[in-house]
Amino acid sequence: MIIVSILRRQDNGIAGFEVEGHAGYAKAGEDIVCAGVSAITVGTVNSIEELTAVVMDSRMKNGFLSANLPSVVRPEAEEQVQLLLASLVVMLKSIEESYGKYIQIQDVII
């Protein structure tokens with residue numbers, strides 16, 4: 001199962017996320033749940049960095065991705081970054097609605 005932790009600040013803003021595990025929906029290379037989650041999460045990190053020039057502190061290895069915003073984000077970029085991260089949550093929840101047996105999303109207050 002894939003566990004997605006959305007790291008939320010006290011003000012409910014998103015500070016980052018962590019993704020861990022494998023869906024187990026199909027064999028490696030054919031698992032559409034893993035592929036979808038990977039595309040959404042890596043694509044979001046790339047979009048944030050390309051479109052807002054905010055570089056996330058990210059680490060990735062087999063079955064794991066951690067991406068956190070820097071402690072200070074330029075005020076003019078904050079709204080864009082939060083919109084992209086909120087979009088990430090919407091896309092992942094869409095996968096969870098269809099494949100909830102293979103993915104779980106949780107909010108973690110930091």
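Hi everyone, let me start at a loop: A53 lies in the loop between α1 and β3. Before going on, this is a predicted model, in which local features need pLDDT of at least 70, side-chain atom pairs count only at pLDDT 80 or more, and totals for chains, interfaces and linings use all residues. Residues are numbered from 1 along each chain as its sequence is written, and side-chain values use heavy atoms, with hydrogens and water left out. When I say helix (H or I, at least four residues) or strand (E, at least two), I mean a DSSP run, numbered from the N terminus.

Back to A53. Its phi is positive, about 65°, although A53 is not a glycine. Is A53 buried or exposed? At 55% relative accessibility, A53 counts as exposed. For those words, buried is under 20% relative accessible area, exposed is over 50%, and partly exposed is in between, with a 1.4 Å probe and protein chains only. N12 also has a positive phi, near 75°, and is a residue other than glycine. You will find N12 in the loop between β1 and β2, and at 48% relative accessibility N12 counts as partly exposed.

Now the helix that A53 follows. Helix α1 runs over residues 32-52, so 21 residues by the DSSP runs, and spans 29 Å from first C-alpha to last, close to the 30 Å expected at 1.5 Å a residue. That expected span is 1.5 Å times one less than the number of residues. At the N-terminal end, D31 caps α1, with a side-chain oxygen 3.0 Å from the backbone nitrogen of V33. Polar contacts here are pairs of N or O atoms within 3.5 Å; within protein, one must be able to donate a hydrogen and the other to accept it, and residues adjacent in sequence count only if both atoms are side-chain atoms.

Which residues of α1 are buried? They are V33, C34, G36, V37, I40, T41, T44, V45, I48 and T52. As a reminder, an α-helix has 3.6 residues a turn, so residues three or four places apart point the same way. The buried residues of α1 pack against β1 (2-8), β2 (14-20), β3 (57-61), β4 (64-68), α2 (75-99) and β5 (103-109).

Let me zoom in on T41, which is found in α1. T41 counts as buried because its relative accessibility is 3%. A polar atom of the T41 side chain lies 3.3 Å from the backbone oxygen of S38. Not counting residues up to four places away in sequence, T41 touches F17, V19, L65, L88 and L92; contact means heavy atoms within 4.5 Å.

On to the partner helix. α2 has 25 residues and reaches 36 Å from first C-alpha to last, close to the 36 Å expected. Its buried residues are A77, V81, Q82, L85, L88, V89, L92 and I95, and what covers them includes β1, β2, α1 and β5. Q80 also lies in α2, but Q80 counts as partly exposed, at 42% relative accessibility. Beyond four places in sequence, Q80 is in contact with L51 and T52. Q80 and I48 are 32 residues apart in sequence and 8.2 Å apart, C-alpha to C-alpha.

Two strand residues next. R8 lies in β1, and R8 is buried, with a relative accessible area of 12%. Leaving aside neighbours within four places, R8 is in contact with G13, I14, V89, D107, V108, I109 and I110. N68 is found in β4, and its side chain makes a polar contact with the side chain of S66, at 3.3 Å. Leaving out residues up to four places away, N68 touches L7, A15, G16, M56 and D57.

Last stop, the largest pocket, where about 210 Å³ of space lies. Of the 15 residues lining this pocket, the closest to its centre are V19, S38, G63, F64 and L65. On a 1 Å grid over the protein atoms alone, a cavity is a set of points where a 1.4 Å probe fits but cannot get out, and a pocket is an open set with protein on both sides within 12 Å along at least five of seven lines; lining residues have an atom within 4 Å of a point. Grid points are joined across faces, edges and corners, and the volume is the space filled by probe spheres set on the points.

Which element gives the largest share of the lining? That is α1, with five residues; α1, β3 and β4 each supply at least two. By class, the lining has eight nonpolar, six polar and one charged residues, where Ala, Val, Leu, Ile, Met, Phe, Trp, Tyr, Cys and Pro count as nonpolar, Asp, Glu, Lys and Arg as charged, and the others, Gly among them, as polar. Thanks, everyone!
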